[in-house]
Amino acid sequence: MIQKRYGYLKLVVIILVMVIAVPQTAWADNGSVQINRDKYSWKLSDIYPNKNAYEQAYYGTLKQVENLKQYQGRMKDKSAVLSFVIDSNNTYQSIKDLAAYGTLYNALNVSDPTGITYLNRAQQAAAKYGSQTAFFIPELLALPESIQKQYLADPDLGPLMIEILSNQNTYLPE
């Protein structure tokens, strides 16, 4: 009996949700539901205010990706490691923003090839990011044990080194 009442309760809740949600849409003459596109649309301006801002961010991200290569060979220097981690995280976030913008732009109008172009750009930036940062873990693993121990004891680098050293068997050599 309880299960039957629970089933009825679920049905009542579903019907209430539908009744409440229906006013949010407008009925077309043919009886189909027309969604209010202004209310239920991606707000691209939350990521970039306009296409020009996207373009600036895209070229800025490419520059960020290129700049990551400056850290290669410098992992013995703690400040270089910390700077690399911060810069690479910021760059990765920029790439994620590019990808989100491209995905949402494409979803708004799949017949507009601009969205695919934006997605391709984000994928290319991500691939370049991967190649520019591939040195990081192999260099940390190749550090002398004394430096690795210093990094492990360091409050800023310790968690990173624990993660890398505990998974070192999963990394390919450079």
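This is a predicted model: local features need pLDDT of at least 70, side-chain atom pairs count only at pLDDT 80 or more; totals for chains, interfaces and linings use all residues.
Residues are numbered from 1 along each chain as its sequence is written, and side-chain values use heavy atoms, with hydrogens and water left out.

The protein chain has seven helices and two strands, where helices (H or I, at least four residues) and strands (E, at least two) are DSSP runs numbered from the N terminus. Read from the N terminus on, the order of these elements is α-β-β-α-α-α-α-α-α. Of the 174 residues in the protein chain, 27% are buried; buried here stands for under 20% relative accessible area, exposed for over 50%, and partly exposed for what lies in between, with a 1.4 Å probe and protein chains only. Among the contacts (heavy atoms within 4.5 Å) with a separation of 6 or more, 65% join residues 24 or more positions apart.

Helix 3 and helix 4 have axes that come within 7 Å and cross at roughly 160 degrees, the axes being lines fitted to C-alpha atoms, for helices over the stretch in contact, with angles from 0 to 180 degrees between N-to-C directions. The two are therefore roughly antiparallel to each other, since angles over 145 degrees count as roughly antiparallel, under 35 as roughly parallel, 65 to 115 as roughly perpendicular and the rest as oblique. On the helix 3 side the residues that meet helix 4 include Phe84, Ile95, Leu98 and Asn106, and on the helix 4 side they include Ile116, Leu119, Ala122 and Tyr129. The residues of this contact divide into 14 nonpolar, eight polar and no charged, counting Ala, Val, Leu, Ile, Met, Phe, Trp, Tyr, Cys and Pro as nonpolar, Asp, Glu, Lys and Arg as charged, and the others, Gly among them, as polar.

Helix 4 also meets helix 2 (residues 51-67), and the axes of helix 2 and helix 4 come within 9 Å and cross at roughly 15 degrees, which makes helix 2 roughly parallel to helix 4. Among the residues that meet are Tyr54, Tyr58 and Leu62 in helix 2, with Tyr118, Arg121 and Ala125 in helix 4. The residues of the contact of helix 2 with helix 4 divide into eight nonpolar, two polar and five charged.

The largest nonpolar core has 20 residues, of which Met75, Val81, Phe84, Phe136, Leu140 and Tyr151 touch the most other members; such a core is a set of buried Ala, Val, Leu, Ile, Met, Phe, Trp, Tyr and Cys residues joined through side-chain atoms within 4.5 Å. At least two residues of this core come from each of helix 3, helix 4, helix 5 (136-142), helix 6 (145-153) and helix 7 (158-166), and helix 3 gives the largest share, four residues. A second, separate core of 12 residues includes Tyr48, Tyr54, Tyr58 and Tyr118.

Asn106, found in helix 3, is buried because its relative accessible area is 13%, and Asn106 touches Asp112, Gly115, Ile116 and Leu119 when residues up to four places away in sequence are not counted. Leu82, in helix 3 (residues 78-108), is partly exposed, with a relative accessible area of 24%. Leu82 and Asp156 are 74 residues apart in sequence, yet 7.9 Å apart in space, C-alpha to C-alpha.
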